[in-house]
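Hi everyone, thanks for making time for this.

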Amino acid sequence: MAARERLPPWHERQRLPNGRDVLIRPIRPEDAAPLRAGFALLQPDEVRQRFLHALKELSPEAAERFARINPKTEFALVAAEPLPPGEALVGAVARIVIDGNGRDAEFAILVSRYIAGMGLGRYLMTRLVKWARGKNLERIYGDVFEHNHAMLALAQSLGFERQFQQDGQGLVRVVLDLKAAQTAKAV
């Protein structure tokens, strides 16, 4: 029987349908430079769908902030090349941040077009939901452009409900009631 590689918590190796291997793991401070480098590879629409506005570059300060999380209120996973942090190109980032009320959390996911459409967004979202449940949160939500059909379909397939925003920016808030989801599973 072959020995299984033991990885730290929240670390997983995955082979994507295109044959590319990625390591899904918590973000690390060493990821700041690769985040900046990878940002340059993103299309303007990819950036706008994640940040909800145009952004030409990821500043060193912003990259540092994204790579250094507060583990009490934030959780972020990356899908990266299976190389050491700081050397690995990051192809996807999933982040969740607990609101000041301590009951809700906002998520955001960005999957590069190079590895989009391979189930990685879905998988990362399930990991965020698992983390939120472990924190006994009541709901998680995210703001999505109404034309981002792929993200809206993903959210709906995972039980999120749409709440239209009244801000005129074409955003839809998707919300997953974790308490209701837990009750439904228990039945």
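**Helix α5 and what it packs on**

The buried residues of α5 are Met 151, Leu 152, Leu 154 and Ala 155. Buried here means under 20% relative accessible area, exposed means over 50%, and partly exposed is in between, with a 1.4 Å probe and protein chains only. Looking down the axis of α5, these buried residues fall within an arc of 160°, so they line one face of the helix. That arc is taken from the directions from the helix axis to the C-beta atoms. On the face turned away from the buried side, α5 carries the exposed residues His 149, Ala 150 and Gln 156.

A quick word on the model: it is predicted, with local features needing pLDDT of at least 70 and side-chain atom pairs counting only at pLDDT 80 or more, while totals for chains, interfaces and linings use all residues. Residues are numbered from 1 along each chain as its sequence is written, and side-chain values use heavy atoms, with hydrogens and water left out. Helices (H or I, at least four residues) and strands (E, at least two) are DSSP runs, numbered from the N terminus.

So what do the buried residues of α5 pack against? They pack against β5, α4, β6, β7 and β8, where contact means heavy atoms within 4.5 Å. Just after α5, Gly 159 takes a positive phi of about 95°.

**The sheet**

Now to the strands. Eight of them form an open sheet with mixed pairing, in the order β1-β2-β3-β4-β5-β6-β8-β7; two strands pair if DSSP finds at least two bridges between them. At the edges are β1 (12–15) and β7 (161–164), each pairing on one side only.

Let's stay with β5, residues 104–111. Seven of its eight residues are buried, so β5 is largely enclosed by the rest of the structure. With β4 (residues 90–98), β5 pairs in the antiparallel sense over seven bridges. You can find Ala 94 opposite Ile 109, and Ile 98 opposite Ala 105. The hairpin of β4 and β5 has five residues between the strands, and Gly 102 there takes a positive phi near 75°.

β5 and β6 (residues 139–145) run parallel and are joined by three bridges. Asp 104 has Arg 139 in β6 as its bridge partner. Together, β5, helix α4 (residues 120–134) and β6 make a right-handed β-α-β unit. Right-handed means that, with the strands pointing away from the viewer, the path from the first strand over the helix to the second runs clockwise.

**The cores**

Which residues have the most contacts inside the largest nonpolar core? They are Ile 96, Phe 107 and Ile 140, in a core of 35 residues. A nonpolar core is a set of buried Ala, Val, Leu, Ile, Met, Phe, Trp, Tyr and Cys residues joined through side-chain atoms within 4.5 Å. The largest share, eight residues, comes from α4. Leaving aside neighbours within four places in sequence, Phe 107 contacts several residues, including Met 125, Leu 128, Met 151 and Val 174.

A second, separate core of twelve residues includes Ala 32, Leu 58, Val 78 and Val 93. Val 93 lies in strand β4 and, at 17% relative accessibility, counts as buried. Not counting residues up to four places away in sequence, Val 93 touches Leu 35, Leu 77, Val 78, Ala 108, Ile 109 and Leu 110.
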